[in-house]
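Here is a short briefing on one protein model. Look over the sequence and the structure, then read on by topic.

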Amino acid sequence: KEESKEAEQTSVMELTDEPEERASPSSSFIVHPLSPLTEEGTSYPSESINPEKYMNLQHGRHLTAEDINRIKQFVNEFCLKALLPHFEQCIQILSDQISNKKGMSRSLFSATKRWFGTSKPGAPGNNISPTAIAYSSDSHELQLRRLGDLAFMIGHYQLAYTAYHGSKRDFSADGAWLHYAGALEMASLAAFMSGNEALNRKVIDYAEESITTYQTSCRVNQFATRATLLSVECLKARGLYGEAAKQLIRMSGEDSDLRSAVLLEQAAYSFLASRKPSMHRKYAFHMVLAGHRFNKAGHKNHSMRCYYQAYQVYAGKSWSVAEDHILYTIGKQASQTKLTKNAVVALSVLVKRTSRQTAQQQMLYIQEYINTSNQLMDDTGQGVLALPVLDNHKLQVLLNISMYKAPFSNMIPASSVPFDNFLPPRQYKENSKWWKLEEKLLNFIESGLSTMVFKPTIEILTSRTDNSNPAIVVCDEPIGVCINFRNPLHIAIKIGSVKLLWTMNCTDTNKICHDGNVEELAYSDTLPTCILDPDSNKNVVLTVTPKCVGDFQVTAISYTLMDVDKTYTVRGMQPLSIVGDRQTVDKRLHFNVIANAPQLQVFFSGLRHDIFSSEIIPISIYLVNSGKINIKSIYIMCGSSFSFCLKIEHSGIAESKSRNTYKIPLETPLIPGQKIEIPIFIYPHFKNRTQYLDLLIYYESAEENPMPKYRLIRHSWPTTVHSLFEVNTIATKSHSLQFTDEAMNIKMHIALNIPDNAPAPLFKLDIDSISFYSTSWKLTKNSFLPRDFSVNRDEAIYILLQAIKGRFCKEPISTIHFTNPNEFCPYKFCLPDLNDKQESFNETFCLINWKADITDEYGVHSANGQELFTVNMFCYHLHSLPLFIPATLTIFGDFQVDENFSSKKLIYYQLQHPPTVNHNFLSNRLCTVPVTLWLQNSTDDAHIVKIDLVTLPKDTSEAGNVPECFAWVGKSEFAQEICQNERKNVLLQATFAAPGAYDLTSRIAVFVQIKDELILQSCQIEASLIVH
């Protein structure tokens, strides 16, 4: 009995040791077939345990169908006739032995302890060594345990559970904690396999107690791990994934990194399998912990696998710090395991994403990324960099770039697309205003007879343009590619030697050539250095110039990435590939290069950013033929915000069918190298804001059937217009009878009101002339003009003018000159078209021509201008009433507004008679005086006028004193129809019976019939007659 006890203690001690300590040659235990160690303690040869050697072997290839049937029959008969009867015999023998020994204790000590002791492992007084108690092979406890094992083997799980349950009580009573834990483990497993729902709670409780006993009392972590794995499978089968994960996590510790890593990985899979609730984040977190323990155990491949699986959960979920840790770890481990490509991919994602890491941490990231990229370059010879971040969808291609320099400092080159290597974001934008101007210009050139569908000229290719076909470019003309570089890091980075890579399929050689030192095919300009600030965007324009005819394509961008101190550098590239949608192909970077096309350079002088309202700006345009082909048919068109005209030498202002489009007069085509100068005048149509002066220049080749048919040059110049004048006018009717037509007196108040932000102060402003631009009104010479026509800043001047309404004005402009008349004054090119914009009866256009001395950045120079405004020629209008009527005191009465006020001013009338009459009342008691009543219709409508010479006016305040010795003779009531703007005279006779002073308006009333209502006309006139 003592020998068996010592042997059992030895075997238990060997199982509790580490695998390395158990591999001694003197060990008598049986080595597991899957163990990498032999019984002699030596390792198997690598060939003997290599599974790949036996993967493709096919066993039983020479067995016939009869052999297979005999094998099946043999196995069946062996189980039925030999194996199962043997198991039944063993179970029967063990059952008899157990029943005979039932109730007998192994010793007095165990019997006393069973009744009076505590049978819980780890309790006080039970600190017995797990190997201190040994049983003989024929002991009641081991026979009961053996009975449970035999029943478990044949699938009789209920009997096995009963046997295990009985043995675990005996082991607990004896304090044999190792046997006790084993019995609990098998009892839990047998209860689970039995499928009895009444034992579901026992499965969990027995497994938990078994694991606890193995850990605390026996301190055998290997057996605890085995029990944990079996318990986890039981819990998973019942859907308790959370509990299974908790048991696996509890078994992870610091004693073995590899075992802890495996258990943590299995716990992560348990979290992943959970459905209610979903625990994906716990899965990812424990997968990261498993990867960390794998890394500590030296299994970097398994560690990377765990990190990759965790990254699938954290990616794109705003867990930026966790993503940074995972990507950085994958990059370092892949670099250490010589998986340089995987390392570069992980670090590329790390450095090009927005992160919340500190600048110092991101400096480590960029250094690791550059070092790893250099390793990849050494291994493969090529590398695609991830920094800076490029958005190929926002890439813009700039055609017709202006890279010419003006020959003089005061000249400005016309730039369709301004060239600059560094521009703020969203600088380039194809504006539809140029397409509208181009369409108007083509209609003007072809006189609206073109039958072709208009297709605008595109100079900026973006994602919004039609890029289904390659663009046409001219040989030796640069192509610009605007790329947006984004630095997502919190540290500055630097790129250098930036240039475009290309491929060229030459038409002459029919060979495809790639970028290199082939400057005779194409030349890429190199940008030396570009610094990208932290968390910033920068637009960089790179140019490439094709030098031969063929198919040209921009493929990539090549540059050197470095830190600011240039300590870490790497040379690489980024492809410029644009993927269109499913229906179209984006060929934004594909070009068809043609041999020759006309090329015109345009320069301007005299352009200013700040001007005054109504200023006439003289500008000179210089045209230079810089191509190899003669140029003809040059047109210039201006946007609607400005008006312009050409100044032709010895003939004044050029005439054109359109006010904003002119053709450059060329006697012969413009040959290569020839230069011409064209003076023009510019006039703004807006005030107190900033707009662009848009000029579109059109020119054609002098050759037949050119390709393209025409070319355009766009120029956009920002201009701010500041206010200059403040003009107020008041028009009143003139009572003078020297005009046969209606006359108006105009009081004009002109104030020089220059804002403080105007950059160019005025020394002196002189008024040259004032004009009326109207087909109905013209100025007369009966005007009051001041002696001094100069106005300084914050000064004002009053001018009294008189205008008459002409029925047939052949010349719409009538002018009063204050000084010597200017040859161009007034400037007709900036006047509105009266046919398109008909002036109303109430308003007419007035012009003030002025000149001044202006001081600006170019020095002191004189400026001319023409102020255009409207004058209200209706002396009475409702808008003269106050908009806000305050409450009045009762002593003044209520304020009343006559709703028919405007209807009482439709007809203006006047009485014409001699002022005095001498009459001898002794010879003739009645004095008859002829009186002429003239009626003026001041509206654009015809009216029926009724004249009443009997009824007194309703407004007695206007009638005055009505003497009884005055009366009208003849027809007392009559009606007249007066057409629009017509004047009629009516002859009347007034009779007086006594000498005196008489008011002829006291017995006359003029009505206008509107619909069925007669409205009395209110006209304040004076018609006094003195009879002697």
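Leaving out residues up to four places away in sequence, Leu 561 touches Tyr 369, Ile 370, Leu 385, Leu 387, Ile 493, Lys 494, Ile 495, Tyr 568, Thr 569 and Val 570. Keep in mind that this is a predicted model.

- The largest nonpolar core has 116 residues. Leu 561 is among its members with the most contacts inside it, along with Tyr 369, Ile 483, Phe 552, Ile 557, Leu 576 and Phe 591.
- Which helix gives the most to this core? Helix α7, residues 177–194, does, with eleven residues.
- Another core lies apart from the largest one. This other core has 40 residues, including Ile 619, Phe 642, Ile 676 and Val 721.

- Ala 346 sits in helix α15, which covers residues 340–351.
- Is Ala 346 buried or exposed? Ala 346 counts as buried because its relative accessibility is 5%, and the cut-off for buried is under 20%.
- Ala 346 is in contact with Leu 327, Ile 330 and Gly 331, if neighbours within four places in sequence are set aside.
- Take Gly 331: along the chain, 15 residues separate Gly 331 from Ala 346.

**Glu 459 in a loop**

- Glu 459 lies in the loop between α17 (432–445) and β7 (460–461).
- Glu 459 has a relative accessible area of 4%, so Glu 459 is buried.
- Ala 471 is twelve residues from Glu 459 in sequence. The C-alpha to C-alpha distance between Glu 459 and Ala 471 is 9.6 Å.

**Cysteines**

- How many disulfides are there? The count comes to zero.
- Cys 475 is in no disulfide. The nearest cysteine sulfur belongs to Cys 548 and is 6.7 Å away. A disulfide needs the two sulfur atoms within 2.5 Å, so a pair must meet that limit to count.
- Cys 475 counts as buried because its relative accessibility is 14%.
- Cys 965 has 27% relative accessibility, so Cys 965 counts as partly exposed.

- Leu 63, Ile 68, Ile 71, Phe 74, Val 75, Phe 78 and Leu 83 make a nonpolar surface patch. The patch is about 610 Å².
- Where is Leu 83 placed? Leu 83 is in helix α3, residues 65–100.
- Leu 83 counts as partly exposed because its relative accessibility is 31%.

How values were computed:
Residues are numbered from 1 along each chain as its sequence is written. This is a predicted model: local features need pLDDT of at least 70, side-chain atom pairs count only at pLDDT 80 or more; totals for chains, interfaces and linings use all residues. Side-chain values use heavy atoms; hydrogens and water are left out. Buried means under 20% relative accessible area, exposed over 50%, partly exposed in between (1.4 Å probe, protein chains only). Patches are made of residues with over 30% relative accessible area and no salt bridge: like charges are joined within 9 Å, nonpolar side chains (Val, Leu, Ile, Met, Phe, Trp, Tyr) within 5 Å. Accessible areas come from the Shrake-Rupley method with a 1.4 Å probe; for residues, only the protein chains shown count as cover. A salt bridge is a side-chain nitrogen of Lys or Arg within 4 Å of a carboxyl oxygen of Asp or Glu. Helices (H or I, at least four residues) and strands (E, at least two) are DSSP runs, numbered from the N terminus. Contact means heavy atoms within 4.5 Å. A nonpolar core is a set of buried Ala, Val, Leu, Ile, Met, Phe, Trp, Tyr and Cys residues joined through side-chain atoms within 4.5 Å.
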